[in-house]
Amino acid sequence: MPSFTRSSRILAIVIASATMFGAGAAKAETPPPELARALQAVADSADDAWNRRDPAAMVAHYADGATATIGNNQQVSGKGELLAFFTNSFKGLPAGMTHRTVVKRIETIGEMKAVDSAVYLEMPDGAGGKRIVREFFTFALVRPGNHGWEFVAVRAVPLGVPPVRTVAIEK
């Protein structure tokens with residue numbers, strides 16, 4: 001029997017609610033190209049902030065009171081906690097690691113949009129390219145804000161097995 005984390009239960013509730021509640025529910029139409037471009041631009045802007053290791057710029061993409069669950073145990077709420085989370089997490093990142101988001105699906109839920117994305121953490125491969133070192137499925141609720149689209153809720157779920165870290169053992 002599968003075990004569900006708190007974040008996967010929340011995600012299941014959001015999806016089930018959106019599917020069951022009629023007129024305000026998620027609509028599976030193809031989004032207009034300008035909406036798809038606008039939401040990919042928001043993702044690109046957040047990637048740029050992440051890649052510059054700029055926690056304030058990352059938090060600027062979030063609504064007041066926004067929530068985020070990263071992985072299985074990092075749950076934060078509000079801009080203060082988000083700022084602390086990004087400040088701390090950026091300190092431990094290896095040099096050269098980058099964040100790339102590809103928006104895959106957009107659905108309308110009232111004034112908000114539900115956005116499914118593939119997120120890749122990448123490192124230089126030594127041959128001028130990049131290799132993916134970690135992949136996430138990310139679900140986000142976004143809404144129009146004063147300065148464009150803003151994240152209301154983000155759930156980033158790691159896919160696959162994390163890479164094995166090689167450690168030298170002295171004899």
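A short chat about the fold, the surface and the salt bridges follows.

A: This is a predicted model, in which local features need pLDDT of at least 70, side-chain atom pairs count only at pLDDT 80 or more, and totals for chains, interfaces and linings use all residues. Residues are numbered from 1 along each chain as its sequence is written, and side-chain values use heavy atoms, with hydrogens and water left out.

Q: Which pattern does the protein follow along the sequence?
A: The protein reads α-α-α-β-β-α-β-β-β-β, with four helices and six strands (DSSP runs, H or I of at least four residues for helices, E of at least two for strands, numbered from the N terminus).

Q: How many salt bridges are there?
A: The structure holds six, a salt bridge being a side-chain nitrogen of Lys or Arg within 4 Å of a carboxyl oxygen of Asp or Glu. One of them pairs Asp 64 with Lys 79, whose closest N and O atoms are 3.8 Å apart. Asp 64 lies in strand β1 and Lys 79 in helix α4, so the pair ties together parts 15 residues apart in sequence.

Q: Is Asp 64 buried or exposed?
A: Asp 64 is exposed, at 64% relative accessible area, while Lys 79 is partly exposed at 31% (buried means under 20%, exposed over 50%, partly exposed in between, with a 1.4 Å probe and protein chains only).

Q: What about Arg 100 and Glu 122?
A: Their side chains meet in a salt bridge of 2.7 Å, N to O, and this pair links strand β3, which holds Arg 100, to strand β4, which holds Glu 122. Glu 122 is buried at 7%, whereas Arg 100 is partly exposed at 34%.
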